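Biologist: Thanks for sitting down with me. Could we go through this model together, one piece at a time?

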Amino acid sequence: MERVYLDYGASTPVDKRVLEAMIPYFREKFGNPSSIHIFGREAKVGLERARESIAHLIHAQPEELFFTSGGTEADNWGIIGYCLQNREVGNNIITSCVEHYAVLNSCKYLETQGFSVTYLPAEPDGTVDLDRLKKAITPKTLLVSIMHVNNEIGIINDINAIGAITREHGTVFHTDAVQGFGKIPINVRQMNIDLLSISGHKLYAPKGIGALYVRKGIHLQKLLHGGSNERNWRSGTENVASAVGLGASAAFCKTEMEQEADALRKLRNYFWAEIQKNIPDVRLNGALEPRLPGNLNVSFKSADGESILLSLDLYGIAASAGSACESGSIELTHVIKALNPPLEYAQSAIRFTIGRWTTRTEIDYTISALKEIIERVRKFERKT
Amino acid sequence: MLNKININLKNTVLVAMSGGVDSSTTAALLKRQGYSVIGITMRLTDAEDGDVYSDRSCCSVEMASRARRVCDMLGIPHYVVDFRGAFQKEVKDNFYEQYLIGKTPNPCVRCNTYIKWKPLVQKKNSLSVEFIATGHYARCLKNNETGHYELHRGKDYWKDQSYFLWGLTAEQLSYTLFPLGELTKKEVREIAHTLELPTADVKESYEICFISDNNYRRYVGHRMLIEQRLPSSGNILTGTGEFIAAHTGIHQFTIGQRHKLGIAVGKPVYVTEINPITNTVVIGNYDDLLSNSLIAESVNWINGIPGEPEFEATVKVRYRDPGHPARLKPLGEDRVAVYFSESARSVTPGQSAVFYSGDRLLGGGVITKKNV
C-alpha cells in the first residue's frame with residue numbers, strides 16, 4: 001500500500017470529469033465574463049450555467065447565488081455583511097460553540113463592532129439543542145448562524161427545525177453548509193434558510209472557489225469593492241474555470257448523491273465496526289446518526305493523538321485531528337472540548353473522512369496499521 | 001519516504017530541529033549516512049508579547065518553517081509536536097521558581113534532561129524509531145571494554161556543548177546520535193553551504209529561547225505581577241554586614257554580577273551571595289567571588305560513581321569555564337562535595353557543576369552550596 005487518503009473532510013481531489021469541464025475555460029473560453037465580446041460572453045455562459053447547477057442542487061434561484069473565493073469568504077460575507085448592513089434590526093447574533101473558525105471569528109470580529117454574540121453549547125451527541133436556541137432568541141437577535149454539518153464530527157444539525165424556529169421569531173438564518181453541500185439533500189425553501197455557505201474543494205472541485213446563497217430580499221454589505229461583478233454584489237473578476245468546476249461537480253451530485261451517500265455510509269459503518277472489533281477502549285465522538293455518511297471521529301483511550309496521527313502518516317495514511325495551527329502542531333479542538341469527553345479520551349480525537357474513491361482494501365489496511373499503532377502508542381506514551 | 005516503518009525499524013532516526021544551521025546539518029548528514037530521517041520541531045512555548053514571528057524564539061513560526069523547508073529539500077517527513085505543557089512545567093516554572101529563591105537556573109540543561117530526552121524520546125518510541133539525534137557539539141562513544149556508552153566533549157573545544165547534557169543516562173546515550181560531535185562549527189557551516197541548506201546562514205542563538213528579549217528580570221517580574229506576588233525588598237550588605245542600599249527583589253541578581261546593582265561605591269563590586277531566607281544580597285570584591293569548594297545535588301553519574309570514597313576530576317561551574325582540577329567526594333547516590341585545587345570564581349547556586357575526566361563527561365549536578 002503506497003498511500004491511503006482518509007481526509008476528504010480537509011480537501012478532496014478534483015474529479016476527472018470536473019477537471020475536463022474546467023479545461024476549456026483555461027484555454028479557449030478564457031475571456032473576462034464582464035467583456036462584451038464573444039470571448040467574454042462564452043465565459044459568462046459557463047459561469048451562469050455553473051450558477052444554475054449549484055442553485056438547482058439546493059432549490060434556490062440562480063440570482064440568489066454569488067461566487068466567492070471559498071467557504072471562508074462566504075461565511076465572512078454572509079455573517080459580517082448581513083449584520084453590518086442591518087444594524088437597525090438588532091445587535092445580537094446567536095451561533096454555536098462548535099462552528100468552524102470562519103464563523104466563530106467573524107462573530108468575534110462583530111463583537112468588536114458593537115454586536116453581542118451568544119454561543120450555544122453542543123450537546124454530548126454533538127448537536128445544537130433546539131430548546132436552547134428558542135430560549136436564546138431575543139427581540140434584538142438579528143442573525144442565527146448554525147452549521148448544517150459539523151466539519152470535525154460530522155454531526156448533522158436539524159436545520160429544517162432551526163429554520164422553522166428562526167422563521168417564527170423573524171430572525172435571519174445562516175448556515176455553513178461547506179461539509180454537507182452535495183453530499184446530503186438541502187432545500188433552502190423548505191428549510192427556511194436565508195444564507196448558506198458553500199465550498200468547492202470539499203466536493204471534488206478546486207480550491208479557491210465557493211458560493212454564498214442569499215435569499216431574495218436580503219441585503220448584505222459589500223466586502224469587496226471595485227467593479228460591478230456578480231451583479232455588483234461582489235467585486236472582482238470571477239474565477240470562471242473554478243466556478244465551472246464547482247457547477248459541474250454540483251451537477252454530478254444531483255444524480256449521484258443518494259447512491260454515493262449509501263455506499264459511503266456502509267463503508268464508514270464497516271470501518272467503525274472493524275475498529276471496535278480490533279482495538280479495545282475506543283469511543284465515537286458524537287452520535288453515529290445523524291452523521292455525514294463519510295465521517296468518523298474516534299478517540300482512543302490513553303493514547304496521544306499527535307503520535308497516532310504522525311504514525312499514521314508514516315504508514316502512508318492521511319487523517320486529521322484538531323486544527324493545524326500555523327506552525328503545524330495539533331491542538332485539542334474546540335469541538336471536542338465542547339463534547340466534554342472523559343479525560344483519558346480527550347487527547348486523541350482522530351477524524352477519518354472517507355470519500356468517492358475510498359476502497360474496502362484501504363480500510364482494511366488502515367485497521368491493521370491502527371491496531372499496531374494504538375498498541376505501541378499506548379505502551380510508550382501512556383497519558384492520564 | 002517511510003511507509004510501513006515496522007518493516008524498517010533499523011536505521012530510523014528522529015532529529016530534533018530548531019530551524020538553525022546545526023540541527024539542519026545534522027539531518028542532512030544523517031540522511032547522507034543512510035539513515036531514514038524524520039525531522040521534528042518541538043513547539044515549546046506560546047508567543048510572548050505576540051512574538052511568534054520572532055526570528056529567534058525556539059518555536060516561532062519562522063523557525064518551524066525553516067526546519068520544514070530543509071526537510072522538504074532533503075525529502076524527509078517533518079512534524080511539529082506540541083510539548084508546551086511539559087516545557088512550562090519542567091523548564092519555565094523551574095526557571096521562575098529558582099530566581100525567586102535567589103538561584104540562577106540553567107533552562108537549557110533542564111530542556112535537554114526533561115524534554116528532549118523524555119517526551120521526545122517517548123515520541124520516538126511511539127513512532128517505532130530507533131535513534132534520536134540533535135545538533136549538539138558533543139560525542140557519544142561506545143567503550144568497547146565496558147560495552148557502555150559514554151558522553152565526551154565535542155571535537156570543537158570552544159563550541160563543545162557537552163556541559164548541557166550532564167543529565168543524560170548511559171541507556172539514553174545508547175540510542176542517541178550526535179553527528180556534529182566530530183566537526184568544528186566552521187566545518188558545519190561549510191557543509192551547510194555546500195549542501196545549499198536554506199539555513200546555512202542562520203545566526204547563532206545564545207539567548208533564552210522562551211524570552212524573546214532575553215530579559216530574565218522582566219520575565220520574572222512580569223510573572224510575579226500576574227501572580228500578584230509582591231517582590232520582597234531587602235538589603236544589599238557587604239561581607240561584614242554593613243548596609244549599602246536597599247534592593248527591590250533578589251530575583252534580579254546573580255552571583256558575579258557587577259552591573260545593574262543600583263549602587264555606586266566608587267569601585268567595582270560584585271554580588272557574592274544571595275540569601276533567600278534573609279532576602280539579602282551580599283557584595284564584595286573580585287576576590288570575594290572565589291570559592292574553594294561546592295556541594296552539588298540531583299547528581300547524575302553517566303556511568304556510575306567513578307570512585308569511592310573520592311576521586312579526581314576536572315570541574316566546570318559555568319558553560320564558558322575552562323575547568324578546575326578538583327577532588328570529588330560522593331555523598332550518597334545523588335550528592336557530591338567538590339574541593340578545588342585552586343579556588344574557582346563565581347560558583348553560583350542553581351548553575352550546573354559538570355565533571356570531566358579528560359574529554360569524558362562523568363556526570364553533573366546542580367550547585368546548591370559554595371565554600372562548604
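Predicted model: local features only at pLDDT ≥ 70, side-chain atom pairs only at ≥ 80, totals over all residues.

Modeller: Let us start with helix α13 of chain A, residues 360-380, which has 21 residues and reaches 30 Å from its first C-alpha to its last, close to the 30 Å expected at 1.5 Å a residue.

Biologist: Which residues of α13(A) are buried, and what arc do they cover around the axis?

Modeller: The buried residues are A:Thr366, A:Ala369, A:Leu370, A:Ile373, A:Ile374, A:Val377 and A:Arg378. They lie on the same side of α13(A), because the arc they cover is only 155 degrees.

Biologist: Let us look at the domains of chain A. Which element gives the most to the side of domain 1 of chain A that touches domain 2 of chain A?

Modeller: Chain A is divided into domain 1 (4-11 + 257-380) and domain 2 (16-253), with 28 Å between their C-alpha centres. The contact takes 21 residues from domain 1 of chain A and 24 residues from domain 2 of chain A. On the domain 1 side, α9, β10 and α11 (334-339) of chain A each supply at least two residues. The element that gives the most, with 4 residues, is α11(A).

Biologist: How many residues on that side of domain 1 of chain A are charged?

Modeller: By class, the side of domain 1 of chain A that touches domain 2 of chain A has 9 nonpolar and 9 polar residues. The charged residues there come to 3.

Biologist: Now chain B. How many residues of domain 2 of chain B are in contact with domain 1 of chain B?

Modeller: Chain B is divided into domain 1 (12-135 + 178-194), domain 2 (231-284) and domain 3 (290-370). The C-alpha centres of domain 1 of chain B and domain 2 of chain B lie 37 Å apart. The contact takes 5 residues from domain 1 of chain B, and from domain 2 of chain B it takes 7.

Biologist: What is the radius of gyration of chain B?

Modeller: The secondary structure of chain B comes to 8 helices and 17 strands. For 372 residues the globule rule gives 21 Å, and chain B is close to that, so it is as compact as a globular protein of that length; its radius of gyration is 22 Å.

Biologist: What share of the residues of chain B count as buried?

Modeller: Among contacts in chain B between residues at least 6 apart in sequence, 63% join residues at least 24 apart. Of the 372 residues of chain B, the share that count as buried is 47%.

Biologist: Let us finish with one residue. Is B:Val315 buried or exposed?

Modeller: B:Val315 sits in strand β13 (residues 311-316) of chain B. Leaving aside neighbours within four places in sequence, B:Val315 is in contact with B:Gly323, B:His324, B:Ala326, B:Val338, B:Ala353 and B:Phe355. A residue counts as buried if 20 or more other C-beta atoms lie within 10 Å of its own. B:Val315 has 27 of them within 10 Å, so B:Val315 is buried.

Note on methods:
Residues numbered from 1 in each chain as written. Chains lettered and ligands numbered in written order. Domains from an automatic or database assignment. Contact = placed C-beta atoms within 7 Å. Expected span 1.5 Å × (residues − 1). Buried ≥ 20, exposed ≤ 12 C-beta atoms within 10 Å, placed from the backbone. Arc of directions from axis to C-beta. Nonpolar A, V, L, I, M, F, W, Y, C, P; charged D, E, K, R; others polar. Rg over C-alpha atoms; globule rule 2.2 N^0.38 Å.
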